[in-house]
Amino acid sequence: MKPYVIKNGLILGLTLVAYQLIQFMFELYTNQYLGWGIYVLIILMLIFTIRSYREEAGGGYISYGKCVGLGSLTLSVAAAISCLFYYIYVKFVDTAIIENLKDMAIVKWEEAGMSEAQIEQSLEFAEWFMAPGFMAISAFFGYMFMGGIILLIIAAFMKRDNPNPDIDTLDSGI
């Protein structure tokens with residue numbers, strides 16, 4: 001299972017990095033709908049990973065638990081790579097991203113009719129949550145939570161139980 005996890009986790013992680021880089025370069029990171037594109041990439045890669053493992057190492061069979069385990073490990077590798085890139089990029093390469101996000105929040109609060117004092121208080125509270133480290137850690141857990149939900153659904157469709165459970169054709173090494 002290790003080669004599938006590492007290889008596909010790296011591929012997914014680097015794909016997510018490329019997707020984020022394009023968003024940063026063209027200042028598309030504020031578009032909420034484009035942010036969902038990341039989950040399309042995750043879905044496609046999880047399906048590919050589980051299917052290739054099932055066909056190549058599992059003899060055409062894979063249990064629900066093995067699907068979830070394989071997908072979780074692949075997702076954690078990819079999420080770690082993506083979040084590390086995000087942290088480095090926002091902290092050292094383009095620090096203006098955080099300021100742009102703060103400016104966007106202020107505009108939304110003004111449109112909501114908040115007073116200057118309320119905006120200042122909200123901004124003071126939000127600054128801690130907009131720190132690059134906190135955002136990267138939150139993104140990791142977000143990937144794992146949303147990816148986990150997606151993975152549970154994918155695993156339900158991708159599992160293929162061995163009709164002869166006495167013969168274990170699955171690679172048992174993790």
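Contact here means heavy atoms within 4.5 Å. The model is predicted. In it, Ile38 sits in helix H3. Setting aside neighbours within four places in sequence, Ile38 is in contact with Leu16, Tyr19, Gln20 and Tyr143.

Ile38 has a relative accessible area of 8%. The cut-off for buried is under 20%, so Ile38 is buried.

## Thr49 in helix H3

Helix H3 covers residues 37-56, and Thr49 lies in it. What is the relative accessibility of Thr49? The value is 0%, so Thr49 counts as buried.

Thr49 touches Tyr4, Asn8, Leu70 and Thr74. That list leaves out residues up to four places away in sequence.

## The loop between H1 and H2

Helix H1 spans 2-25 and helix H2 spans 32-35. Glu27 lies in the loop between them. Leu28 lies in the loop between H1 and H2 as well.

Is Glu27 buried or exposed? Glu27 counts as exposed because its relative accessibility is 57%. The backbone of Glu27 also deserves a look. Its phi is near 50 degrees, a positive value in a residue other than glycine. Most residues other than glycine have a negative phi.

## A nonpolar surface patch

Which residues make the nonpolar surface patch? They are Ile22, Met25, Phe26, Leu28 and Leu34. The patch is about 470 Å².

Leu28, from the loop between H1 and H2, has a relative accessibility of 32%. Exposed requires over 50% and buried under 20%, so Leu28 counts as partly exposed.

## A negative surface patch

Glu110, Glu111, Glu116, Glu120 and Glu124 gather in a patch of negative charge on the surface. Two elements give two or more residues to this patch: helix H5 (96-111) and helix H6 (116-129). Which element gives the most? H6 does, with 3 residues.

Glu124 is one of the patch residues, and its place is in helix H6. Its relative accessible area is 67%. Exposed means over 50%, so Glu124 is exposed.

Technical notes: Residues numbered from 1 in each chain as written. Predicted model: local features only at pLDDT ≥ 70, side-chain atom pairs only at ≥ 80, totals over all residues. Heavy atoms only, no water. Helix = DSSP H or I, 4+ residues; strand = E, 2+ residues; numbered from the N terminus. Buried < 20%, exposed > 50% of the residue type's maximum accessible area, 1.4 Å probe, protein only. Patch = residues over 30% accessible without salt bridge, like charges linked within 9 Å, V, L, I, M, F, W, Y side chains within 5 Å. Areas by Shrake-Rupley, 256 points an atom, 1.4 Å probe, with all protein chains shown as cover. Salt bridge = Lys/Arg side-chain N within 4 Å of Asp/Glu carboxyl O. Lys, Arg positive; Asp, Glu negative; His and termini not counted. Charge placed at Lys NZ, Arg CZ, Asp CG, Glu CD.
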